[in-house]
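User: Please examine the model shown below and answer some questions about its contacts and secondary structure.

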Amino acid sequence: MAPINPRVNPIDHDYFPHERRGSFSVIGSTVQRADAHGHVTGRTRFFEDTAPRGLLHLKVHRTTRHHARINSVDVTAARQVPGVVAVLTHEDVPNNWYTVLRLIGIEPDDEPVLAEDRVLYRGEPIVAVVAETEEAAWDGAGRVVVDYTDLPAVLDVEEALAPGAPVIKQAGTNYFVYEGHHCRRVRFGDVEAGFAAADHVFSWTYGSAPIEHAPTETTGCIVVPQGDGRLRIHSNTQAAFFTLDNTALIIGRPFADLQVVGGTVGGGFGGKVDVMVEPLACIAATVTNRPVQYSYSREEEMQVSSPRAAERIVITDGVLDDGSIVARKVVLYVDAGAYSRHSPYGTTKAAAHFPGPYTIPHVHIDAHCVYTNRTPSSAMRGFGVTIGDFALESQMDRIARELDMDPLELRLKNAYRDGDVKAHRKVASGTGLIEVIQRAADLVGHELAAESRLLSSTTPREG
Amino acid sequence: MPSQIVTLTVNGSPQELIAHPSTTLLRALRENLGLTGTKRGCAQGACGTCTVLLDGEPVVSCLVPVVTVDGAEVTTVEGLADADGGLSPLQQAFLDNFAQQCGFCTPGMLMTSCALLRRTPAPTRDEVDEGLSGNVCRCTGYEPIVAAVLDAAGRTSAEVGS
């Protein structure tokens, strides 16, 4: 083991008066990563470094349409490609409909493993081809012939919610239903009364595009049938048990039949949380009784792996002349793309994060999880929060500019403090925003007013 | 076209393998020789993850048909350490500077850096930036990697000087 290097940064213990000094043996010192030696010697084993004898390769035929009815699927030519050993359609998937978050009670199962009579986004898989080589699998997948009738595509979140928009989802709405409601809602105080009492009302809209994680290692797995009939799944999933449970449910086998070997991920960032490759590889390994690899090409990683959702956020604030924000209304549209995956959860997280770390007496939040004919979006680093913070803090800067106020003073005035009741009816505790802003101002040499210097998170708000 | 026998010297050892004309050097190293330290990133020559040294020069091994380099000398990440497992100054500098997170781009970064330092033993910051510009990292940002290469250059020159 590499020796622990001497402490490089002294700790300001004043912030931790109740901690024992002995608790600080790691913080502030340099400790080598446990996996670093394997990384620099090339000995870390990623999933693809497993090379079982007789490995087969699985590739899928993907639709070229945004939204279409499937009239027929012809796999005759695919089966005739030399080296192709199996061709799978939705009929080969024991439980074809799923949604990954059903493990925590999210409904309905809105996504097919392989498309049945419709495709909802460009790149949706329809047929899986299993072959002796990657080349033969690609060749076979390319020879699948699908006859379509194109349907009108919905490619914008507000268009999807407009009256008369084509309904693209089987459940009958182009939005996820939260306990009977068309969006995830937060209601606190009376936002209209707050606007009426305000000196200014500011409303601005913020938007973001989808963001692809682009890990250097593409999504993939190798499934190896075991002598006792179980399946060993070598995967780069970020969520081994999520993968195990969802895969078992899809293939209709007991959880104990599957073993996931994972934990080594060549870049994930949330992009390897969905369960995209393991179910088909397990079915193919079962059908052929041979090891099967299903890995995305770089093109597939860019085109069909779930990106961070595009978001559109409208923030309307009622503000007093002194900078106090008395009302905040947020309308969020999350573009889930064609299927739910983790977006219903991400949208709830966004609703929980607004109106930001500020104490505002009147708050109204509508967070819509919207379906469109775009690539399904899902988890990525703080999804549901990151874009919201961009919008919230941009809003704070713009308000400060409109009022000709220091942007830090505006934030200090509205910053939550211990004891404040937040819009979600939780009493704030352990807050530290005021101290963080004061320290940040010091570090960059930003002047603060004398009374702002005296503020603290533990001083109760007046009135 | 039929497969053919290819002879290589890999990390100092003579190797013989049977390869189809479409077999890449990357696949030959990983699947024929079991040297899985070299990673597949994009398989289209864009990310630098699969970089190895071919007769001392860095190449993206996913774009090299192995039958075209019969007789060549190849160095992979497995060939950087001493025979007894002692890390090279470059590997040690990557450790000490935390120049890796997920580790998937690390072998390619090491091989590109190794070639850079052989060509330019005392590179400037700009030369390191330029030298690594063909290698993608998605986790750490590039600062610790650049720092590691500059650190390694210092260690190597100190060794030579002593």
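**Salt bridges, interface and strands**

User: What is the relative accessible area of R27(B)?

Analyst: R27(B) counts as partly exposed, the class between buried (under 20% relative accessible area) and exposed (over 50%), with a 1.4 Å probe and protein chains only. This is a predicted model, in which local features need pLDDT of at least 70 and side-chain atom pairs count only at pLDDT 80 or more, while totals for chains, interfaces and linings use all residues. Residues are numbered from 1 along each chain as its sequence is written, chains are lettered from A and ligands numbered from 1 in the order in which they are written, and side-chain values use heavy atoms, with hydrogens and water left out. For R27(B) the relative accessible area is 23%.

User: Which residue of chain A meets R27(B) in a salt bridge?

Analyst: A salt bridge requires a side-chain nitrogen of Lys or Arg within 4 Å of a carboxyl oxygen of Asp or Glu. The partner of R27(B) lies 3.4 Å away, N to O, and is E135(A). This pair crosses between chains, from helix α3 (residues 134–142) of chain A to helix α1 of chain B, helices being DSSP runs (H or I, at least four residues) numbered from the N terminus. The residue of chain A is E135(A).

User: How far apart are the closest N and O atoms of D442(A) and R453(A)?

Analyst: D442(A) and R453(A) form a salt bridge. The pair links distant parts of the chain, helix α12 and helix α13 of chain A, 11 residues apart. D442(A) is partly exposed at 45%, and R453(A) is also partly exposed, at 37%. The closest N and O atoms of the pair are separated by 2.8 Å.

User: How much area do chain B and chain A bury between them?

Analyst: Contact means heavy atoms within 4.5 Å, and 30 residues of chain B touch 32 residues of chain A in this way. Buried area is the accessible area (1.4 Å probe) that two parts lose on being put together, summed over both. Of the area buried here, 52% is on carbon and sulfur atoms, and the total is about 2500 Å².

User: Which element gives the largest share of the side of chain B that touches chain A?

Analyst: The rule finds five salt bridges across this interface. The elements that give two or more residues to the chain B side are α1 (25–32), α2 (89–96) and α3 (106–119) of chain B. The largest share, four residues, comes from α2(B).

User: Which residue caps the N-terminal end of α11(A)?

Analyst: The buried residues of helix α11 (residues 407–414) of chain A are E409(A), L410(A), R411(A), L412(A) and N414(A). Their cover includes β16 (325–337), α10 (386–403), α12 (433–443) and α13 (450–454) of chain A. At the N-terminal end, a side-chain oxygen lies 2.7 Å from the backbone nitrogen of L408(A), and the capping residue is D406(A).

User: Which residue of strand β11 of chain A stands opposite V292(A)?

Analyst: Strands are DSSP runs (E, at least two residues), and two of them pair if DSSP finds at least two bridges between them. V292(A) and Y294(A) point one way from strand β14 (residues 292–295) of chain A, Q293(A) and S295(A) the other way, and all are buried. Strand β1 (residues 56–62) of chain A runs parallel to β14(A), with two bridges, whereas strand β11 (residues 220–225) of chain A runs antiparallel to β14(A), with four bridges. Opposite V292(A) stands V223(A).

Terms used:
A polar contact is a pair of N or O atoms within 3.5 Å; within protein, one must be able to donate a hydrogen and the other to accept it, and residues adjacent in sequence count only if both atoms are side-chain atoms.
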